[in-house]
Amino acid sequence: MSYNEILLDLPMDHMENIFGQFDCNIKKIESALHVSFVARDDKIKIMGDEINVKSASDIMAELLSLSKKGETIAEQTVDYLLSLGVKEVADHALVGLSDDCICHTITGKPVKPKTIGQKQYVDAIRNGMITFGIGPAGTGKTYLAMAMAITAFTRGDVGKIILTRPAIEAGEKLGFLPGDLQSKIDPYLRPLYDALYQIMGAESFARNMEKGLIEVAPLAYMRGRTLDNAFIILDEAQNTTPAQMKMFLTRIGFGSKAVITGDATQKDLPSGTTSGLDVAMKVLKNVPEISVCQLTGSDVVRHPLVQKIVNAYEEYENREADAARKAAARKSAAGKNQKKRKKK
């Protein structure tokens, strides 16, 4: 390993944003790449192994470009840059994402893809008729789809928005919950309402819902309908049965766009029930007009702890799957040996 130093220009008005609170962003880069930073006025020196110093320099250049565009540098941004390849960082991958503003929330906050995976997902929705967004919690599957739906609706590209999800009974039967049918199913649809309120505002949502231009309903209510000129989002698709998924996909009519989101690792179906999402992935994999976007733990944009939880579960499930395969192989080998002994 060869020692190296690089001196970078870092304007003072961007230093606080890039360094983060108590220099947390810089400390994270130092720890991950085993380099040292020394800041003097509007200069910053990076010291360490030559390859790591180059990586740290590229990350600092990306952070400075983002800061100049008015982006707030969050801990998650630094984590994501550290997880990217050298070429992606050098090509200013995140700076390109900051230019793709889908819409603004009711408070004026821009809604943008924050990772390369999210950007590919948003582009697939823009360009295709049916898009599957599959990935763990916190990757923005539903929220970005909702932002795209509201944008298409306000532009007049579609005449209505239809949001649906399966009403899976998680421990309690619907019949035993208090209230009428609407109050029984509302808790299952609450995440969809929350996203609508945040992007569209409660008054605009209520007004369009009264007119029938926005519809939030359980998946069972889709049966027998043909959905023309609509933006349709099926959320929590991993909790559909194969029959429900087929029913939903065959509802889509002319001028419509559909997004199906799901997390294959969080099924609430009864034990032994096959997920409609799993079946759809096998059946539709060779249909060119259907896009499948696989988001991963690196696309998680919630609190950094969520990303660590997702990664920890992935590692655990992979270990369990490996152990199960080895146990099955041992059992099969033992069975074959037993048969051989009986023949003798």
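This is a predicted model: local features need pLDDT of at least 70, side-chain atom pairs count only at pLDDT 80 or more; totals for chains, interfaces and linings use all residues.

**Strands and helices**

Reader: Which residue in β11 is the bridge partner of Phe132?
Author: Residues are numbered from 1 along each chain as its sequence is written, and side-chain values use heavy atoms, without hydrogens or water. Strands are DSSP runs (E, at least two residues; helices are H or I, at least four), numbered from the N terminus; β6 (residues 130-134) runs parallel to β11, joined by 5 bridges. In β11, Phe132 is partnered by Val292.

Reader: Which strands stand at the edges of the sheet?
Author: Strands pair if DSSP finds at least two bridges between them. The open sheet has 6 strands with parallel pairing, in the order β8-β7-β9-β10-β6-β11. Each edge strand has a single partner, so one side of it is left without a neighbour in the sheet; the edges are β8 (214-218) and β11 (290-294).

Reader: Are α2 and α4 roughly parallel or roughly antiparallel?
Author: Axes are lines fitted to C-alpha atoms, for helices over the stretch in contact (heavy atoms within 4.5 Å), and angles between N-to-C directions run from 0 to 180 degrees. The axes of α2 (residues 24-33) and α4 (residues 75-83) come within 10 Å and cross at roughly 20 degrees. Under 35 degrees counts as roughly parallel, over 145 as roughly antiparallel, 65 to 115 as roughly perpendicular and the rest as oblique. That makes α2 and α4 roughly parallel.
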